[in-house]
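Have the sequence and the model open while you read.

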Amino acid sequence: RLMVAMLNRLPSRIVFAAIFVACASLIGFGLVLQHVKELEPCPMCILQRYAFVSIAMVALIAAIHGPVGIGVKVYSFLIGALAVAGGSVSVRQSLLQRFPAPEPANCMAGDLDFLLGNFPLAQALPKIFAGTGDCAKVEWSLLGLSIAEWALVWFLLFVATAAWLAVFRKRPAPAVA
């Protein structure tokens, strides 16, 4: 009960800053795995990274802005929506890893071909999705969870935090002097 009261007193600016720091740390860890451990990211990994970068950017802007009222709800909604998008990619990759298809997984080749063939960013998108790793292959794990599964955990934490900020947090009444 005391912990809940303490959390409810946290300024939204601090919560948004913590989300930014968490995302920046996750991106940093992903870059260490890529450049130090030489684990090549797959297209789904790249999409998850972009979701983390997008969440970080929104959270940083929110932390600088220090919104109250409806502003907190707007930033929280954006973070929640980006986390759901990133989480959906994590779920798809986790399913590919846990239940591999008999033939090698081509990640999202069909989806990417459709996007590239039908949208005007056809020149830029191939560079964005330049990951070369196999989406179904688990090359690193911690406590039995793959990178995609850990990403899902973080996306779920961001959704929960955004929902708490926007809907469930009860701000204490200001003291009357």
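## Ground rules

This is a predicted model, so local features need pLDDT of at least 70 and side-chain atom pairs count only at pLDDT 80 or more, while totals for chains, interfaces and linings use all residues. Residues are numbered from 1 along each chain as its sequence is written, and side-chain values use heavy atoms, with hydrogens and water left out.

## The overall layout

The chain has 7 helices and 2 strands. Helices (H or I, at least four residues) and strands (E, at least two) are DSSP runs, numbered from the N terminus. Reading from that end, the order is α-α-α-α-α-α-β-β-α.

Of the 177 residues in the chain, 36% are buried. Here buried means under 20% relative accessible area, exposed means over 50%, and partly exposed is in between (1.4 Å probe, protein chains only). The accessible surface of the chain is about 10,800 Å², with 72% of that belonging to carbon and sulfur atoms; such areas come from the Shrake-Rupley method with a 1.4 Å probe, and for residues only the protein chains shown count as cover. Contact means heavy atoms within 4.5 Å. Take the contacts between residues at least 6 apart in sequence: 83% of them join residues at least 24 apart.

The expected span is 1.5 Å times one less than the number of residues. Buried residues of α2 include Val15, Phe16, Ile19, Ala22 and Cys23.

Helix α3 covers residues 43-65 and reaches 33 Å from first C-alpha to last, close to the expected 33 Å. Just after α3 comes Gly66, with a positive phi of about 65 degrees.

## Inside the core

The largest nonpolar core has 24 residues, and those with the most contacts inside it are Phe16, Ile19, Ile55, Ile79 and Phe158. A nonpolar core is a set of buried Ala, Val, Leu, Ile, Met, Phe, Trp, Tyr and Cys residues joined through side-chain atoms within 4.5 Å. Helices α2, α3, α4 and α7 each give two or more residues to this core, and α3 gives the most, with 8.

Which residues does Ile55 touch? Leaving aside neighbours within four places in sequence, Ile55 is in contact with Ile19, Cys23, Ile79, Leu82, Ala83, Phe155 and Phe158.

Gln48 sits in α3 and is buried, at 4% relative accessible area. Not counting residues up to four places away, Gln48 touches Gly86, Val89, Ser90, Gln93, Ala148, Ala151 and Phe155.

Glu149 lies in α7 (residues 147-168). At 11% relative accessibility, Glu149 counts as buried too.

## Out on the surface

Val74, in helix α4 (residues 70-98), is partly exposed, with a relative accessible area of 45%. Together with Ile70, Phe77 and Leu78, Val74 forms a nonpolar surface patch with about 420 Å² of accessible area.

Further along, Val167 is found in α7 and counts as exposed at 57% relative accessibility. Val167 and Lys73 are 94 residues apart in sequence, yet 7.7 Å apart in space, C-alpha to C-alpha.

Definitions and conventions:
Patches are made of residues with over 30% relative accessible area and no salt bridge: like charges are joined within 9 Å, nonpolar side chains (Val, Leu, Ile, Met, Phe, Trp, Tyr) within 5 Å. A salt bridge is a side-chain nitrogen of Lys or Arg within 4 Å of a carboxyl oxygen of Asp or Glu.
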